[in-house]
Amino acid sequence: MHVLTVLDHPNPDSFTAAAAQQFMQGAKAAGHSVELADLHAEGFNPLWSMADIEADTDANTVPDVRSEQARIERADAICLVFPLYWWGMPSMTKGWVDRVWSWGWAYDQLDDPEKSLLRSRSGVLLCPAGASSDEMEASGYLSALETTWIKGTFGYFGLSPCKLEVLCGSTGSAKRRQALLERSYQIGYTLLSTRPAESKT
Ligand SMILES: Cc1cc2nc3c(=O)[nH]c(=O)nc-3n(C[C@H](O)[C@H](O)[C@H](O)COP(=O)(O)O)c2cc1C
């Protein structure tokens with residue numbers, strides 16, 4: 001399968017970038033081809049603008065959005081790698097999702113996530129976070145994020161199965177971080193097993 005990894009971090013030496021690299025190494029070791037969308041390095045503009053609104057109305061697509069959509073179309077599996085910021089996505093990932101997975105291309109049914117316009121793809125959200133897994137679960141943040149992202153966002157886009165993998169304690173000890181990088185590799189190696197349906201793009 002062809003695996004698209006979308007990285008959101010301005011620092012190439014960050015833990016988040018290292019997790020993305022490990023994920024891709026794992027996917028490659030499992031025999032998949034890999035492609036990296038390094039949003040900061042490539043200068044993706046995450047700001048929804050009047051051009052996006054006009055493109056929606058005219059059924060045109062803004063060129064930078066179209067080239068991201070082409071990446072998605074050629075992928076059988078997609079992994080977004082971004083740090084958890086205030087229990088949500090950083091602005092770059094949020095803007096990439098808002099702009100690229102557009103109405104009329106990715107979805108048209110606001111009330112039925114099963115009716116994505118796109119074919120089925122495996123999805124992984126690989127999300128380094130400072131919090132411990134106990135804190136994530138006890139506070140309800142983990143289930144809130146799963147509802148919002150897996151069902152309420154990527155469920156509309158045909159990502160199925162789609163899994164949230166929070167790398168808890170990513171600001172912790174070197175040993176902890178190493179274990180999380182090994183887990184990122186394993187996620188790349190094992191998680192991508194769904195074959196796409198035939199008919200859609
Ligand atoms: C602006 C900001 C907001 C953050 N918000 C959260 C948060 O809500 N929950 C959490 O567990 N960690 C939070 N963190 C910690 C980051 O998730 C953690 O630093 C990041 O995963 C480490 O990635 P990096 O070393 O690649 O930058 C936040 C960090 C920053 C800079």
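This is a predicted model: local features need pLDDT of at least 70, side-chain atom pairs count only at pLDDT 80 or more; totals for chains, interfaces and linings use all residues.
Helices α1 and α8 form a packed pair. Helix α1 spans residues 15–29, and helix α8 spans residues 174–190. Their axes lie 6 Å apart. The packing angle is about 35°. The crossing of α1 past α8 is right-handed. On the α1 side, the contact involves F15, A18, A19, Q22, F23, M24, Q25, G26, A27 and A29. These residues meet R177, L180, L181, S184, Y185, Q186, I187, G188 and Y189 of α8. By class, the contact of α1 with α8 contains twelve nonpolar residues, six polar residues and one charged residue.

The ligand is surrounded by 15 residues. The closest are S14, T16, P128, G130 and A131. Two elements, α1 and β4 (121–129), each give two or more residues to this shell. The shell has nine nonpolar and six polar residues. No charged residue is found in the shell around the ligand.

Several backbone features follow. Most peptide bonds are trans. The bond from S160 to P161, however, is cis, with omega near 0°. P161 belongs to strand β5, which covers residues 159–168.

For residues other than glycine, a negative phi is found in most cases. W86 has a positive phi of about 50° and is not a glycine. W87 also has a positive phi, of about 55°, and is not a glycine either. W86 sits in the loop between β3 (77–81) and α5 (91–100). W87 lies in the loop between β3 and α5 as well.

W86 counts as exposed because it has 6 C-beta neighbours inside 10 Å, and the cut-off for exposed is 12 or fewer. W87 has 14 C-beta neighbours inside 10 Å, so it counts as partly exposed. That class lies between the exposed limit of 12 or fewer and the buried limit of 20 or more.

G43 and P10 are 33 residues apart along the chain. Their C-alpha atoms are separated by 9.9 Å.

Note on methods
Residues are numbered from 1 along each chain as its sequence is written. Axes are lines fitted to C-alpha atoms, for helices over the stretch in contact, and angles run from 0 to 180 degrees between N-to-C directions. Helices (H or I, at least four residues) and strands (E, at least two) are DSSP runs, numbered from the N terminus. A crossing is left-handed if the near helix is turned anticlockwise from the far one by less than a right angle, and right-handed if clockwise. Two residues are in contact if their C-beta atoms, placed from the backbone, lie within 7 Å. Ala, Val, Leu, Ile, Met, Phe, Trp, Tyr, Cys and Pro count as nonpolar, Asp, Glu, Lys and Arg as charged, and the others, Gly among them, as polar. A residue is near a molecule or strand if its C-beta atom, placed from the backbone, lies within 6 Å of it.
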